[in-house]
Amino acid sequence: MVCFRLSPVPGSGFVLLCLILGAVSSYALELNLTDSKNVTCLYAKWRMNFTIGYETTSKTNKTVTISDFGNATYNGSICGDDQIGPKIEVQFGSVFSWTAYFTKEVSTYLIESISFSYNTNDSTTFPDAKKKENFTVHEPVAVRIPLDEIFRCNSILTLGKKDVVQHYWDVHVQAFVQNGTVSTKEFLCDKDKTSTTVVPIAPTTLPSPTTTPAQKEKPEIGSYSVNNTNGTCLLATMGLQLNMTQDKVVTVINIKPNTTDFTGSCHSQTALLRLNGSNINYLDFVFAVKNENRFYLKEVNVSMYLVNGSVFSIANNNLSYWDAPLGSSYMCNKEQTISVSGAFQINTFYLRVQPFNVIEGKYSTAQDCSADEDNFLVPIAVGAALAGVLILMLLIYLIGLKHHHTGYEQF
């Protein structure tokens with residue numbers, strides 16, 4: 001954790017800011033504002049990224065995803081007073097700035113709106129932008145929260161369309177902290193509230209966790225992608241069926257692509273695809289490079305709500321699935337099972353994935369999962385052939401030996 005104590009800001013006293021480096025997906029930002037009496041008046045912690053579309057000088061369209069906030073500053077963030085509402089201001093470099101505005105009502109406060117500015121004059125991020133100027137988008141939010149509660153949304157929230165799409169998740173914010181103590185009572189966003197659409201597969205009570213539940217229909221096939229400054233960096237196409245076992249109750253869920261949000265990030269040695277839906281806080285697929293020439297699925301993390309309202313969470317960072325050479329994609333049209341733990345498995349259908357070295361947003365030549373079976377069967381076939389040869393030679397020897405003894409008897 002890296003903490004910054006800045007000079008006094010009018011209306012807010014000293015500002016204590018803590019920036020926590022996040023995991024693969026992005027940076028987690030954490031902000032604690034104190035007033036002139038050094039009492040906390042605003043608290044926020046969140047993750048975010050932005051996808052910006054722009055026209056190039058060659059009249060084509062490009063997108064760039066901004067997710068690295070390691071150089072963030074917070075100049076202008078204030079607690080507010082009776083005249084001015086609190087706000088959070090974040091600047092990352094000289095190219096981007098972000099502001100969240102809050103207002104107070106009698107017994108509630110409002111996340112009123114969010115503005116985001118970017119400058120296409122930056123040749124590093126927008127090297128071939130046709131328009132070189134500063135752009136600002138302003139998105140209304142209008143989420144009303146009780147004064148004594150903290151707003152929480154682990155699910156992905158998406159704002160904006162067209163040129164700028166904003167993604168937020170793992171959000172915790174209380175704009176009017178009461179008596180200097182951040183509330184432990186949470187006000188959930190709609191996506192985090194328990195859904196009643198997931199139904200356990202009958203029979204709901206099984207004699208043991210290993211008993212196979214009734215089969216569901218195959219899931220729909222979804223297409224997912226992740227972009228960075230160079231364009232599309234990860235591609236995935238697959239049908240996903242989740243199998244959870246908790247207290248000997250099995251729940252099976254088919255992921256519906258048209259109601260599933262997705263985001264992620266790409267790095268030289270790792271790549272992340274994160275899915276999010278009404279019941280799913282997050283479903284992470286983390287890929288890694290091994291031996292500098294192959295990739296594989298290394299990690300799966302899930303957090304979701306079950307029908308009884310409980311949270312089901314599993315993480316495993318020691319997997320080894322979907323192995324293929326760098327520069328190619330991995331494909332398996334038949335049903336595969338990814339065993340994340342004894343209590344959580346993922347069935348995949350018509351899978352194709354390429355987390356590294358995507359060129360022009362298209363899949364490269366695929367390594368099919370049948371090749372894995374062929375590699376397994378070859379030594380078996382060779383061994384069987386050798387065994388057959390040895391048996392044949394032994395039979396020839398025994399027959400020859402028999403004839404040899406017969407000859408002696410006749411003589």
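Me: In this predicted model, is tyrosine 54 buried or exposed?
Reply: Residues with under 20% relative accessible area are classed as buried. Tyrosine 54 has a relative accessibility of 10%, so this residue counts as buried.

Me: How many aromatic pairs does the structure hold, and what is the geometry of the pair formed by tyrosine 54 and phenylalanine 126?
Reply: The structure holds 20 aromatic pairs. In the pair of tyrosine 54 and phenylalanine 126, the ring centres are 5.3 Å apart and the planes stand at 85°. Planes over 60 degrees apart count as edge-to-face. The geometry of this pair is therefore edge-to-face.

Me: How many residues apart in sequence are the parts that tyrosine 54 and phenylalanine 126 tie together?
Reply: Tyrosine 54 belongs to strand S4 (residues 40-55). Phenylalanine 126 lies in the loop between strand S9 (108-119) and strand S10 (134-146). The pair therefore ties together parts whose separation in sequence, in residues, is 72.

Me: What is the relative accessible area of phenylalanine 126?
Reply: Phenylalanine 126 is placed in the buried class, for which the value must be under 20%. Its relative accessible area is 0%.

Me: What is the angle between the ring planes of tyrosine 224 and phenylalanine 262?
Reply: These two residues form an aromatic pair with 5.5 Å between the ring centres. The pair is classed as edge-to-face, and the angle between its planes is 80°.

Me: Which strands hold tyrosine 224 and phenylalanine 262?
Reply: The two residues tie together parts that are 38 residues apart in sequence, because each lies in a strand of its own. Tyrosine 224 is in strand S15 (residues 221-228), and phenylalanine 262 is in strand S18.

Me: Which accessibility classes apply to tyrosine 224 and phenylalanine 262?
Reply: Tyrosine 224, with a relative accessible area of 4%, is buried. Phenylalanine 262 has a relative accessibility of 29%.

Me: How many salt bridges does a search of the whole structure find?
Reply: A salt bridge requires a side-chain nitrogen of Lys or Arg within 4 Å of a carboxyl oxygen of Asp or Glu. A search of the whole structure finds salt bridges numbering twelve.

Me: What is the N to O distance between glutamate 186 and arginine 152, and how many residues apart in sequence are the parts they tie together?
Reply: The side chains of glutamate 186 and arginine 152 meet in a salt bridge, at an N to O distance of 3.1 Å. Glutamate 186 lies in strand S14 (residues 186-188) and arginine 152 in strand S11, so the separation in sequence of the parts tied together, in residues, is 34.

Me: Where does lysine 191, the partner of aspartate 261, lie?
Reply: Aspartate 261 forms a salt bridge with lysine 191, the closest N and O atoms being 2.4 Å apart. Aspartate 261 is in strand S18, and the pair ties together parts that are 70 residues apart in sequence. Lysine 191 lies in the loop between S14 and S15.

Me: Which strand holds arginine 294?
Reply: Arginine 294 forms a salt bridge with aspartate 323, with 2.5 Å between the closest N and O atoms. Aspartate 323 lies in strand S23 (residues 321-325), so the pair ties together parts that are 29 residues apart in sequence. Arginine 294 is in strand S21.

Me: How far apart in space are serine 265 and valine 226?
Reply: Serine 265 lies in strand S18 and is buried, with a relative accessible area of 4%. Serine 265 and valine 226 are 39 residues apart in sequence. In space, C-alpha to C-alpha, their separation is 6.4 Å.

Definitions and conventions:
Residues are numbered from 1 along each chain as its sequence is written. Side-chain values use heavy atoms; hydrogens and water are left out. Rings of Phe, Tyr and Trp (its six-membered ring) pair if their centres lie within 6.5 Å; planes under 30 degrees apart count as stacked, over 60 as edge-to-face and the rest as tilted. Helices (H or I, at least four residues) and strands (E, at least two) are DSSP runs, numbered from the N terminus. Buried means under 20% relative accessible area, exposed over 50%, partly exposed in between (1.4 Å probe, protein chains only).
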